[in-house]
Amino acid sequence: DISFEAYAGEVFGFLGPNGAGKTTTIKLITGLLDIDEGSIEIGGYNLKKHYEKALGSIGSIVENPEMYKHLTGMDNLKLYARIRGVSQERIDEVVKLVGLSNRKNEKTKRYSLGMRQRLGIANALLTKPEIMILDEPINGLDADGMQVMREILVDITKKYSATVLISSHILGELEKI
């Protein structure tokens, strides 16, 4: 029994304690789990009836951003970009936006958690989504990492007028965003 609306250019905090169902809800919204009852509408499209159109405007990180650890950050993005038909120019743009320009040629196995989170956000941004759904993107980050993440999320809403839905169990951090 959940119902909410989020709007363009808004950072929407999805708050609840661990085990409350935040990740399950996000998996439902992103089509990773089947809907038992009710409906989900994204950009005017019903997820069950118009799956591809509904999900076409979403970029997301659900749980942990997974990358190929033996590849560099740039090579990971190039791989995903090729699948989606995204240009090198766009890759460079998102790498700069998330602050990984100076580390993009390192293997991701050397990346800190914060760097992996930022690379995951870059990957989710490749297709210029209207909606970014991020499942606990600040978990495990130190104070500096949280500050960088806040700045990136605010930049996304300003630069792209994207809706950013962030799940977290840390009320104070969501308030800062």
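Partly exposed describes a residue whose relative accessible area lies between the buried limit, under 20%, and the exposed limit, over 50%. Arg103, at 29%, is therefore partly exposed. The model is predicted.

**Helices H3 and H4**

- Helix H3 spans residues 73-84, and helix H4 spans residues 88-97.
- The two helices pack at an angle of about 135°. Their axes are 10 Å apart.
- H3 and H4 are therefore oblique to each other.
- The crossing of H3 past H4 is right-handed.
- On the H3 side, the contact involves Met74, Leu77, Lys78 and Ala81. On the H4 side, Gln88, Ile91, Asp92 and Val95 take part.
- By residue class, this contact of H3 with H4 has 5 nonpolar, 1 polar and 2 charged members.

- Side chains of opposite charge can pair when their charged atoms come close.
- The salt bridge count is 4.
- One of them joins Arg103 and Glu106, with 2.5 Å from N to O.
- Glu106 has a relative accessibility of 23%, so Glu106 counts as partly exposed. Arg103 is partly exposed as well, at 29%.

- Glu93 pairs with Arg90, and their closest N and O atoms are 2.9 Å apart.
- Glu93 and Arg90 lie 3 residues apart in helix H4, so about one helical turn separates them.
- Arg90 is buried, because its relative accessibility is 5%. Glu93 is partly exposed, because its relative accessible area is 26%.
- Glu93 also forms a salt bridge with Lys159, where the closest N and O atoms are 3.9 Å apart.
- The Lys159 and Glu93 pair links distant parts of the chain. Lys159 sits in helix H6 and Glu93 in helix H4, 66 residues apart.

**Thr157 in helix H6**

- Thr157 belongs to helix H6, which covers residues 143-160.
- The relative accessible area of Thr157 is 10%, so Thr157 is buried.
- Neighbours within four places in sequence are set aside here; beyond them, Thr157 contacts Gly9, Glu10, Val11, Ala162 and Val164.

Methods
Residues are numbered from 1 along each chain as its sequence is written. This is a predicted model: local features need pLDDT of at least 70, side-chain atom pairs count only at pLDDT 80 or more; totals for chains, interfaces and linings use all residues. Side-chain values use heavy atoms; hydrogens and water are left out. Axes are lines fitted to C-alpha atoms, for helices over the stretch in contact, and angles run from 0 to 180 degrees between N-to-C directions. Helices (H or I, at least four residues) and strands (E, at least two) are DSSP runs, numbered from the N terminus. Angles under 35 degrees count as roughly parallel, over 145 as roughly antiparallel, 65 to 115 as roughly perpendicular and the rest as oblique. A crossing is left-handed if the near helix is turned anticlockwise from the far one by less than a right angle, and right-handed if clockwise. Contact means heavy atoms within 4.5 Å. Ala, Val, Leu, Ile, Met, Phe, Trp, Tyr, Cys and Pro count as nonpolar, Asp, Glu, Lys and Arg as charged, and the others, Gly among them, as polar. Buried means under 20% relative accessible area, exposed over 50%, partly exposed in between (1.4 Å probe, protein chains only). A salt bridge is a side-chain nitrogen of Lys or Arg within 4 Å of a carboxyl oxygen of Asp or Glu.
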